Every structure is written in structure tokens, then in C-alpha cells.
Amino acid sequence: MRRGWIDRCIKSLQASTVQTTAIIIDNGSSDGTREHIPVHYPNAIWLPQEKNLGFGQANNLGIKYAIEHQADYVLLLNQDATLSPDAIEKMLAISDGKSLLSPLHLNGDGTRIDEMFRYSLKQSNNMMNDDLLIRHELAPCYESGEICAACWLMPVSLIKKIGGFNPLFFHYSEDNNYYHRMVYHGVKTLLVPDAHMYHDRKLQGNTEAFNRKRLRRDIILEACNINQGLPKCFWRWFKILIRCYTKDIRNHQYRIGAFTWEILWLIGHSPSIIHSRRKEKKIGLNWL
């Protein structure tokens, strides 16, 4: 956690036109944040951890706290992100009380669309592009595909249906898995283009952390996808193998031996995978 980021993040919540209660999960930081937050933000709920729990499990702690204290909505917001003052108000205005809501993700200074968010825009059937370029008027919201969890506004009714983040994912791919579960349970994602979030990061945030164990994440993500049966999982693993082989020839980024090792890891953890698939098909506060 970086103090410059967390200060801007919390202050953007304090400036919101909708009153919020900040729940801050510190994943064992060592940059002075642990001493800084309680002094400068005494009204925030401060939940310091002795070790790094990862993205999903840290968010699960905050989600659980919010639900236990009668929250109607939970806003997930990365420490390297800030919101425009009226972003929450605009998302609440179009909420149906059961769909996940997301603002438009911009870069840190608001001059461009966040690079990873561009992939999300491609999944909105180009309706937003049609409205913008032809009708010159945007709709209040657009049904979208998968959107990065750097900023999600989640009705508690949605969480009670889907649950929290799967603990098999430590950092990265938690939101991909969560989206798969939303699709399975018929939960929509609504993009609110007039609400803005500013994500101060590079393409994939911490590139080193993103690439670490990426192959394992890709394999687990396919194995845990409850929208597909195991035969399709095997086919997807085969495609990952081909991709690894191709990349290995080009730049040695992946190696076939590494893929074999990860498959053996997956076989060894197959009971956890099977348990995960069964659990995620059920309605309830899974993983919380």
C-alpha cells in the first residue's frame, strides 16, 4: 500500500455526495500506512492484517464487516483509485438493487480511458459507441461484460446470492472468477458512463505480480468456471498448452515443463477445485 495513493483514495470518498464509511484493509504494509491511517482518518474502519491476504480475501473481510453492520451496498475501490464526487450518486440512481454497477474507468489524470478497461468496452456490444458517435447522447447505463474489480458497487442482495471472492485466487483473476459466477447465476453488470473513476496504474498494475504464477491462474480459472463442464476445461487447457508452446518458442516466457508442473499441481488440488465448483453453484454467502 502506498500512502500517497491511500490519502487520495480516502479523500475522494470523503468528498462523495453520498455519505460513505471507509473500511480499510491493510495487507501487512510496511511503508508507515499502519501508523498513518488511524491518526489521520479516525472515522474509518481500520482492519490491519499481519500478513498479505491477497486481493480477494482482504475484500472479503471488508464485505463481511459491511454486511454485518447492515449496509445496503458495498463499494470495492482499489487504493490506487479515486472517484468523482458524484460517481456513487449516479450509480445508485440507476441501480435495480440486484446488478453489479461500475463507473467509467479512466486513467489517473482522467485524460484517457484506462487501458485494461478498453477490453471491457469491447464487450458492451458497441451500443455505447453507437450512442456516442451517431446519436451524440449516452444512455444512463449499458449492460456490459466483465469489468475489473478496481471499482465495483455491489448491492448486498447480489453478495448474498453470489458470495465473496474464491480463496483459490490470491492476487489477480479473482474478479474473472467472480464474473463467471455472476453469469451462471444470471447477474448483470451495468456500466454507468457518466460516473467516473480514476485508476492511477500502468497497464496491469504491478506487472511483476501479474506475471507471477500467471499460468497457474489461467489453469485454475478454467477449472473453476462453473459455466463449462470438465470436457470443455480439458479443451481449454489444451489451448493454454498450445499458447505456452508458441510463446516458449518466441520468447521463452512459458515452458512446457512449467505447464506440466501446473497440471500436476491442479491434479493434486482437484478436491479443492471440485469443492469450489459445487460451492459456487449454490446461492448464499459463499467464502464469507
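This report describes some helices, cores and single residues of a predicted model.

## Helix 3 and its cover

Helix 3 runs over residues 55-68, and at 1.5 Å a residue its 14 residues should span 20 Å, which agrees with the 20 Å that lie between its end C-alpha atoms. Buried residues in this helix are F55, G56, A58, N59, N60, G62, I63, A66 and I67. The cover over these buried residues includes strand 1 (23-27) and strand 3 (73-77), together with helix 7 (156-162) and helix 8 (174-184). Just after helix 3 comes Q70, which takes a positive phi of about 65°.

In soluble globular proteins, nonpolar side chains tend to be buried together. In this model the largest nonpolar core has 26 residues, and the members that touch the most other members are W152, M154 and Y178. Two or more residues of this core come from each of helix 3, strand 3, strand 5 (100-107), helix 5 (117-121), strand 7 (151-155), helix 7 and helix 8. Another core, of 23 residues, lies apart from the largest one, and I10, I24, Y41 and A44 are among its residues.

Setting aside neighbours within four places in sequence, Y178 is in contact with W152 and M154, and also with L158, I159, I162, G163, G164 and F165.

M197 belongs to strand 8, which covers residues 189-199, and it counts as buried because its relative accessibility is 0%. Residues up to four places away in sequence not being counted, M197 touches L77, A81, T82, L83, P103, L104, H105, L106, A150 and C151. One of these contacts, A81, is 116 residues away from M197 in sequence, yet their C-alpha atoms are 6.9 Å apart in space.

N78 lies in the loop that joins strand 3 to strand 4 (81-83). With a relative accessibility of 16%, N78 also counts as buried, since the cut-off for that word is under 20%. Leaving aside its neighbours within four places in sequence, N78 is in contact with C9, F55, A149, A150 and H199, and of these F55 is one of the buried residues of helix 3.

Definitions and conventions:
Residues are numbered from 1 along each chain as its sequence is written. This is a predicted model: local features need pLDDT of at least 70, side-chain atom pairs count only at pLDDT 80 or more; totals for chains, interfaces and linings use all residues. Side-chain values use heavy atoms; hydrogens and water are left out. Helices (H or I, at least four residues) and strands (E, at least two) are DSSP runs, numbered from the N terminus. Buried means under 20% relative accessible area, exposed over 50%, partly exposed in between (1.4 Å probe, protein chains only). Contact means heavy atoms within 4.5 Å. The expected span of a helix is 1.5 Å times one less than its number of residues. A nonpolar core is a set of buried Ala, Val, Leu, Ile, Met, Phe, Trp, Tyr and Cys residues joined through side-chain atoms within 4.5 Å.
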